[in-house]
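Please consider the structure shown here.

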Amino acid sequence: MLPEVTATRYVTPLREGGSLPGIVEADDLGTYVMKFTGAGQGRKTLVAEVICGELGRRIGLRVPDLAGIQLDPVIGLGEPDQEVQELLKASGGLNLAMDFLPGALGFDPLAYEVGPAEAGRVIWFDALINNVDRSWRNPNMLVWHGELWLIDHGATMIWHHNWPSAAASAAKPYDASDHALARFRPDVASAAAELAPLVTEELLTEVAADVPDAWLVDEPGFENPDALRRAYVEALLPRAASIHTRIVLGEPTPDRPSQAPGWLAGRLAPAAPKGEGA
Ligand SMILES: Nc1ncnc2c1ncn2[C@@H]1O[C@H](COP(=O)(O)OP(=O)(O)O)[C@@H](O)[C@H]1O
Ligand SMILES: [Mg+2]
C-alpha cells in the first residue's frame, strides 16, 4: 500500500503538461504534485503512475515518492480558475500525490549530459512500460540536485486500454527513435542485463498491490481488483525478459520524422551508430 496523506491547501496549477496537476500541501506538512482522478485522462493514468513509478524506483531509477492523497474539494473554493475548480470538484476522495522536488529544472538535452549507461537504463525501462511520453518534445524528466529524475508515467502500458488484446500488444516492439535520450548512445544491452533480472513476478505483484482498489474496480472482464492486478503482472513479466531485442533506435521515416529538429539535433551528442543497443 502507498502511504496516504490528506490535502490541506491547493497552492497552484502546473500547466506544462496536459493533465493540469496541482501543487498542494498536505497534513504531513509535505508539498506534493497532485494528479486528479477527475482529469480527462481518467483513472488508468493514475494506475499507470503507481505501477510504473513504483517499479522504476524499485529497480533503482530515480522517481519521486508517491502517496495516496485524500481531497476534499472544499480546499479549492478560493481558486479563481474555473478549469481548476471543475477538476477539484470532480476529484473528491483518493487521488495521487508525487513528492514535489523544489527547484527542479525540466530536463534540457543541451544543458545536461546523460551517460550511455543511464540513457540505456531509462530507455530500457520506458520500453518495458511502453512509455510514449518521454520524447525530446516532452521529456517528462527533471534535473534535481544534479541528477536525473523520472516523472509522469501516465501514458504507458497502452495494453490496459484494451485487455482482450493485451498479450499481443505487450509483445510489440518499442520505438525509441523519438526518445529524449535516444541520442546519448544508450547502452540498452547492458541495461537489460542489469535490470531485467530484477523485474520478477514478486516485484510486479508488489507494485500492482500498491494500486488502490478504488482505481481497479469494475473493469470489464475482471471479477475483482486482484484479477486486474494479475493482468498487469502478466503483461509486464514476459516483456521484461525480451523487450531489449525489440527496441527500435532507428532512423526517422518520411511518415514519422522522429528526430529532434535541426537546431537541436546539431547541438546534441552524435546519434548512436546504427544497430547499437538493438
Ligand atoms: N515531482 C515534481 N516535482 C517538481 N515538479 C514537477 C513534479 N512533477 C511534475 N512537475 C512539473 O509539473 C509538470 C507537469 O507534470 P506531469 O507529471 O508531467 O503532468 P502532465 O500529465 O500534465 O504532463 C512537469 O512538466 C514538471 O514541470
Ligand atoms: Mg507530463
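In the contact between two helices, E201, L204, T205, A208 and A209 of α6 meet R229, Y232, V233, L236 and L237 of α7; contact requires C-beta atoms, placed from the backbone, within 7 Å. These residues comprise seven nonpolar, one polar and two charged, where Ala, Val, Leu, Ile, Met, Phe, Trp, Tyr, Cys and Pro are nonpolar, Asp, Glu, Lys and Arg charged, and the others, Gly among them, polar.

The model is a predicted one, in which local features need pLDDT of at least 70 and side-chain atom pairs count only at pLDDT 80 or more, whereas totals for chains, interfaces and linings use all residues. Residues are numbered from 1 along each chain as its sequence is written, with chains lettered from A and ligands numbered from 1 in the order in which they are written.

Helices (H or I, at least four residues) and strands (E, at least two) are DSSP runs, numbered from the N terminus. The chain has eight helices and 10 strands. Of its 278 residues, 38% are buried, meaning that 20 or more other C-beta atoms, placed from the backbone, lie within 10 Å of the residue's own.

Helix α5 (residues 188-195) has V188, A191, A192 and L195 as its buried residues. These cover an arc of only 100° around the axis, and therefore lie on the same side of α5; the arc is that of the directions from the helix axis to the C-beta atoms. An α-helix has 3.6 residues a turn, so residues three or four places apart point the same way. The buried residues of α5 pack against α3 (116-129) and β10 (247-248).

Note on methods
Buried ≥ 20, exposed ≤ 12 C-beta atoms within 10 Å, placed from the backbone.
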